[in-house]
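Please open the structure in your viewer and keep the sequence beside it. The tour below says what to select at each stop and what is there.

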Amino acid sequence: MGESQSASEEFEQHNSAVNDDNDQGDQIVLPKLGMKFNNADDLFEFYISYAFKTGFSCKKRTCKRDHHGALNFVTYSCTKEGKNHSVSDSPLNLPPTQRTNCKAKISARLCEDEKWMISVIALEHNHLNSPSKSRYLRGHKRINTTTKKKVLVNVKAGIRMNKIYGALAVEGGGYESLFYDEKTLRNMVAREKKLELGEGDATTLLNHFTNMQNRDPNFFYRMDIDETGCLKNVFWADNRCRESYKEFGEVVTFDTTYLTNKYEMPFAPFVGVNHHGQSILFGCGLLSNEEKETFAWLFRSWLDCMNGIAPQGIITDQCSSMKWAVERVFKDTKHRWCLWHIMKKIPEKLRRYENYLRIKCRMKKAVYDTQCPAEFEQHWSDMLQKYESL
């Protein structure tokens with residue numbers, strides 16, 4: 001019991017240093033059988049801190065519950081645990097994620113004294129670890145509440161992110177002492193961002209929507225408000241959009257590549273094609289960010305506007321957040337990627353190959369000049385067979 005209390009005291013000191021965003025100089029505390037912690041979160045924080053000091057990233061792997069639903073067993077492992085789902089040597093396919101089937105892990109169980117005790121330990125990794133590069137690993141890119149508030153205030157004041165990041169590095173004792181990089185800060189700001197309307201703009205927008213609805217009862221709008229009362233996202237569609245969808249809504253294109261000039265926020269239109277081959281609008285949104293929850297909110301709002309009638313097909317770019325939202329909101333809709341976005345990536349993915357121009361020509365011929373699936377598959381197969389080994 002004395003050993004367990006000593007281990008917990010070591011962890012408390014260690015965890016305090018982690019929360020200060022600078023524990024590079026602390027001594028490494030190794031996980032040991034029998035070490036006890038007040039709760040599973042404390043144990044995970046300890047393992048994260050150990051992982052940071054020894055140069056790897058960890059994840060929550062397994063949890064078990066009793067018949068009452070209470071957590072009583074957990075396993076935390078190296079993020080390189082497991083195997084790649086697919087492996088391809090083709091230059092025309094994306095490389096797989098790098099997993100090495102690493103067995104490093106710790107497991108703990110809930111004891112009768114309501115403490116969590118480490119019961120299984122495997123410290124050996126089958127890959128190289130680099131403590132000096134720990135801060136670049138995704139699992140260690142954490143921003144505490146104080147830093148988050150400071151960054152958001154500076155961003156609102158118009159200070160550039162590189163200046164903010166440099167100031168934080170000076171304050172924290174150097175770039176190597178920070179648990180995040182500049183890109184992590186930018187992503188955090190994007191997640192926290194609200195619709196940055198000027199003074200009175202939100203009221204003006206609401207008044208405009210109200211007037212439109214008074215003039216046209218079929219005008220539909222929805223506003224997404226956060227817990228602080230700030231406007232996050234907006235969706236609207238007039239009667240023409242709703243009637244057009246009834247006639248031509250079999251397939252919908254959704255894109256967020258447009259940005260408004262003034263607010264620099266993603267403008268997200270739902271677009272279709274009428275019987276004259278002309279683009280027609282089915283509604284549009286103004287978003288605070290491009291996170292998956294934001295897209296899910298927009299898709300649900302649009303679906304409510306269209307009386308719950310989902311399209312047969314929807315075309316988007318290759319955005320994982322959109323894909324996640326489409327799968328959850330339009331469950332029976334066929335999801336396809338926009339051909340323009342795909343073809344735009346040809347130079348980026350293939351330019352480094354010696355036969356780039358020939359591959360590009362064959363690929364465009366297969367995509368644009370074939371008239372049926374069988375013909376396309378034949379052209380595509382011929383292209384792979386000719387250039388895959390190059």
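Which are the buried residues of α12? Select Y356, I359, M363 and A366, which are the buried ones in that helix, where buried means under 20% relative accessible area, exposed over 50% and partly exposed in between, with a 1.4 Å probe and protein chains only. Seen down the axis of α12, these residues fall within an arc of 95 degrees, so they line one face of the helix; the arc is that of the directions from the helix axis to the C-beta atoms.

A note on the model: it is predicted, with local features needing pLDDT of at least 70 and side-chain atom pairs counting only at pLDDT 80 or more, while totals for chains, interfaces and linings use all residues. Residues are numbered from 1 along each chain as its sequence is written, and side-chain values use heavy atoms, leaving out hydrogens and water.

Next, select L357, R358 and C361, the exposed residues on the face of α12 turned away from its buried side.

Then show α10 (339-344), α11 (346-350) and α13 (373-387), against which the buried residues of α12 pack. Helices here are DSSP runs (H or I, at least four residues), numbered from the N terminus.

Finally, keep α12 and α13 in view: their axes, lines fitted to C-alpha atoms over the stretch in contact, come within 8 Å and cross at roughly 165 degrees, with angles running from 0 to 180 degrees between N-to-C directions. That makes α12 roughly antiparallel to α13, a term for angles over 145 degrees.

Note on methods: Helices (H or I, at least four residues) and strands (E, at least two) are DSSP runs, numbered from the N terminus. Contact means heavy atoms within 4.5 Å. Angles under 35 degrees count as roughly parallel, over 145 as roughly antiparallel, 65 to 115 as roughly perpendicular and the rest as oblique.
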